[in-house]
Amino acid sequence: ATRAPDAFHPRSSRAHRAQHVPEEWTTQNHHKMNWSTLQWVLLLASAGQIQSLGKLCFTVLEEQEAGVKIGSLSRNYSAPYQLRDETHIRVDESTGDLFTKERIDRETLCPTHQDGDCTFPNTALVGLNFDLVPIIIVVDDVNDNAPFFERNEIHIRIPEDALNGTGFPLDDQAQDKDTGNNGLIHYHLKGSNGFFGIKQNGYELELVVQRELDRETRENHFLVLVAVDGGSVPLSATANLIVTVTDVDDNCPEFDADSPIRATVAGLGIKGAAVAQLKATDKDLGQNAQITFSFSRQISDRAKTLFHVDGHTGLISLAVDVQVDSSEKHMLKVLANSPLCPPAQTQVTVDIKPLASPEPTIKIRFVAEHKDQVIVLPENEPPTVLALLEIQDTSSDKGTLSLKADSMPFSLKPQAGSYLLSTSKPLDFEMHREYDVTVVISDPHGTRLHGRKVIKVVVEDVNDNAPKFDQTLYEKDIKENNTPGMFLLKVQATDADADQFGKVKYRLTNGGPFSIHEETGVISVAESLDREQQETYILTVLARDGGDPSQDGLAVVSVNVLDLNDNPPAFSTPHFYFFVPESLPRLSQVGKIPVSDADDGDNGRIMDVRILNEKVPFAIDLVQGSLRSTDEVDREKQDRYELLVVAVDGGRPALSTTVKMTVFVEDVNDNQPKVLLPSSNLSCLTISPATKAGSMITKIYAIDEDSGMNSDITYQIVASEPALQSPFQIDQHSGNITLVQRLSGEDYGMHHLFVVVRDGGKPDPLQTTVWVNLLVNETLEKCQVSAVPEYLPATLPPPKPLPVKDCRGESNAWLVLLCGLGLMIVSGGVLLVLAVVFIKHKHTKRKVKKKNAWETENFGELKPLN
C-alpha cells in the first residue's frame with residue numbers, strides 16, 4: 001500500500017521526519033489493545049479483507065490539558081474510526097478527530113531522547129473494511145523544566161598572580177531536561193565586582209580573570225553563577241561560586257614599628273640574658289611567609305662576640321658573660337631574610353652601663369595600718385602619721401629625703417635624724433582611691449639624685465555618700481487601659497562609694513498600682529490604669545545603699561495617665577419623662593437633658609445629641625442641653641411620644657449612648673362637648689300622660705375629646721317652653737331626663753327644653769347647647785318638629801353647684817346640734833319616701849310595662865329622641 005499524499009500534518013518538517021520513523025510501530029504497547037478487536041482484526045486479515053494504508057503523522061505539544069484536539073483521520077479516510085491503543089490518545093468514532101486523554105510529559109515519555117524527536121506509534125482501523133492506518137504521534141517540547149545544578153556550591157582555586165584574561169574551567173555546569181532552545185543554557189555572573197567574567201564556548205565553560213587579584217587584600221570572592229535557558233519565557237537556576245585566591249610569594253618581610261631601636265645592658269650581664277626582641281612580618285602564607293634573622297656583616301667584631309640573634313625568633317641576647325667598668329655603645333644591624341626577597345634591615349643601639357657604687361636606701365617603719373608594704377587609711381581621717389623613714393647609706397656623705405612635687409596631700413618632716421610621713425589633709429576615696437608617694441634621696445646639697453622610693457597609700461572607702469538620682473523629678477505619660485506588667489520607665493541613682501557602700505537598691509514608698517525592680521530601677525505598671533478614677537500619680541522612689549547604717553536618696557516620679565475614649569456619653573437617667581401641655585408654643589423648652597462624658601479633651605466632649613425618630617415635633621438644643629418643641633402638639637391626635645436620643649462624643653473612634661425619652665402631652669380644654677343624642681335640635685319624643693313621676697324619659701348623650709376634668713361633662717336645663725314650671729328634670733352628671741311630677745291636663749302638648757352641656761375645664765369651661773323636644777300626648781304616634789323656639793338666653797347661667805351641706809365650719813354648739821337633727825329628719829323622710837315608692841312601683845310595674853314599653857330602668861331600652 002502507498003501513503004496518501006495529504007496524510008501528513010501541515011508542518012512540513014514534521015512530515016519529513018515522519019518518513020524516517022522506523023517500521024517498528026508494533027512495540028510494547030501491543031498488549032494494551034482490546035483483545036476482542038484484535039481477534040476481529042486477525043480474522044479479517046486472514047480472510048484478506050484488511051488493507052494496510054500509508055502512515056499518518058500528528059504533532060502535539062506536551063503538558064497540555066486532556067481533551068486537546070491534535071488532528072483528524074476524516075481528511076483521508078471515512079468512518080467509522082477506531083484506535084488499537086488508547087493509552088495517550090482517543091478517537092471520535094464518527095468524526096475521526098483525535099484528542100489527548102491525559103497531560104503528556106515529553107521528558108517522562110522519552111527520557112533517553114532529549115536531543116531528538118519524541119514519538120510514539122499507534123494504529124487506526126478506518127472504514128467499513130477496517131483498513132489499518134499506522135499513526136505516528138510527535139510530542140513537541142515546551143520549556144517546562146528549569147536548569148539545575150547538581151551542587152549548590154562550586155569551589156575553585158585561582159592563584160593571586162593569575163594574569164588578566166586567564167581562564168579556569170568550570171566543570172560543574174547546569175543541566176536542563178528540555179530540548180532545542182528550551183534546553184540551551186547561557187551563563188552569567190552576579191557579584192563579581194569586575195574581578196571575573198564567564199566565557200562560554202559550546203559546552204565548555206570558563207571563569208576568566210578580569211582584574212588583578214591580591215590574596216592579602218581579599219582571599220575569598222563569593223559569586224553567583226546564573227544559568228538561563230533559551231525558552232521564550234526563560235527559566236533560570238543559580239549556584240554559589242566561591243573563588244579562593246591562593247597565595248604566591250609576592251610580599252617581602254618588614255620590621256614592625258614597635259620593634260626596639262635602643263636597649264640597655266647592665267655592667268654585669270649573664271650569658272643568655274635577653275637584650276632586645278625584634279619583630280618582623282611577611283603578609284604571605286606558609287613557606288612564603290617564613291623569616292630568618294641575622295646580623296649584618298657590617299657590625300663590629302666586639303659586637304659579634306658580645307651578642308647573638310636567634311634566626312627564628314629575632315631575640316638578641318648576650319653571647320657571653322659581660323662585666324665592664326666603663327660605658328660601651330654598640331650599633332647592631334639586623335637583617336630579616338625571606339626567599340626571593342631582598343632582606344629588610346633595622347638598627348638597634350645597645351648601651352652597656354658600668355657597675356655603680358651602692359646607692360643609699362630607705363628603711364620604712366609603718367605607723368598606720370598596712371598590708372604587704374601598702375598603707376591602708378580610711379577616708380575622711382584628719383592629718384595622720386603614716387610611717388617613719390630612715391636613710392641607710394653606705395657612703396660617708398649623709399643624704400636627705402624629700403617628697404616629689406606631685407606627692408600632695410602628704411608631708412615629710414625631719415625628726416631626730418628620721419622623717420615623719422603624714423597626710424596633710426583628710427583623704428577622699430571618691431576623689432582619689434590610691435596614691436603613689438614618691439620619696440626622693442638627694443645629697444646634702446640637693447645637687448645629685450641618689451635614688452627614690454615609692455610608697456603606695458590606699459584610701460579605704462567609708463559610707464559617706466548617699467545615692468543620687470540622675471534627675472530628681474521624672475515625668476512619664478502612659479495611656480490608660482494598659483496591659484498589666486507594662487514597662488513604664490527606668491530610674492537610676494549612683495553612689496560615689498565603692499563596693500557594698502555604693503550598691504543601690506530601689507523601692508517605692510507609695511507604689512499603688514506600680515512596682516519597681518529593686519536592682520535595676522525599672523518601674524512597671526502592675527495593673528491596668530483608669531484615667532477616670534485617677535489622672536495623676538506621684539510616686540516617691542527611695543534609693544538605699546548597702547552601708548551600715550545606710551544612706552538614702554529620693555526622687556519623684558510624676559505619672560500622667562493619658563485619656564483613651566473608653567467611656568461613652570452618659571445621660572443622667574436611662575429614661576427621661578417629660579410632661580407638656582398640648583398648648584405648648586413652638587420652640588418652648590420641654591426639659592433639660594443632662595449628658596456628660598468621663599473622658600478628657602475631645603474624647604469627653606459631647607459633639608452631637610440628636611433624636612433618632614423621624615418626623616417628631618421635637619429637637620435637641622445643643623447649646624442649652626435641652627429638648628425643645630418644633631411644632632404644635634395635640635393630645636387628641638397623640639398623647640405621648642417615645643423618642644430615642646443618641647449622644648456622640650468627639651473621640652476617634654467615637655462612642656455613643658442612646659436613651660429613651662417619653663413626652664406625655666397633657667390635656668388642655670380645647671375641645672367643647674359634642675352632643676351625639678339627640679342627633680339634632682328637631683328631634684322629638686312622644687310621652688304618654690300616664691307616665692309615672694320619677695320615670696326616666698330619655699337621655700342626652702355627649703362626649704368630650706379632652707381628658708380628665710376637661711372631659712367631665714355636666715348637663716343643665718336653662719330654659720323651657722312653655723315657660724311655666726317644667727315637669728321634666730335632667731340629671732347633672734348622667735344627662736338622664738326624668739319626669740319629676742305626675743302629668744296633668746295642662747301639661748299636654750309640646751315641651752321644649754334648652755339644655756346646656758358643659759365640660760369641667762378650668763378656669764373657663766367649654767359648652768354647647770341642644771333643644772330637647774318632648775310631646776305629651778295620649779297617642780304615641782311619632783311626633784315631628786319643624787322649628788324650635790326662638791328663645792335664646794343672652795348669657796347662659798353658670799353650672800349649679802353640688803348640694804353639699806357642711807357644718808364643720810360652725811363654731812356654735814347649738815348650730816351643730818340643729819344641723820344634726822335636720823340631717824336625721826331628712827334621712828328618715830327620704831327612707832320613708834323610698835319605701836312608699838318601692839311598694840307602689842311593684843304594684844304598678846306590670847301595668848306600666850305593658851302600656852309603655854319605652855319606660856324602663858334599662859338605659860339600652862330607652863327610646864331616644866328622633
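Good morning. Please keep in mind that the model is predicted. A search of the whole structure finds 24 salt bridges, and I shall discuss several of them in turn.

I begin with R635 and D667. These two residues form a salt bridge in which the closest N and O atoms are 2.9 Å apart. The pair joins distant parts of the chain, its members lying 32 residues apart. Where does each residue of this pair sit? R635 belongs to the loop between β50 (626-629) and β51 (640-649), whereas D667 belongs to the loop between β52 (656-666) and β53 (674-677). Both R635 and D667 are buried.

Is R531 buried or exposed? R531 counts as buried, because its relative accessibility is 8% and the limit for buried is under 20%.

Finally, I turn to D552 and R544. Their side chains meet in a salt bridge, with an N to O distance of 2.8 Å. D552 has a relative accessibility of 33% and therefore counts as partly exposed. R544 also counts as partly exposed, at 33% relative accessibility.

Thank you for your attention.

Definitions and conventions. Residues are numbered from 1 along each chain as its sequence is written. This is a predicted model: local features need pLDDT of at least 70, side-chain atom pairs count only at pLDDT 80 or more; totals for chains, interfaces and linings use all residues. Side-chain values use heavy atoms; hydrogens and water are left out. A salt bridge is a side-chain nitrogen of Lys or Arg within 4 Å of a carboxyl oxygen of Asp or Glu. Buried means under 20% relative accessible area, exposed over 50%, partly exposed in between (1.4 Å probe, protein chains only). Helices (H or I, at least four residues) and strands (E, at least two) are DSSP runs, numbered from the N terminus.
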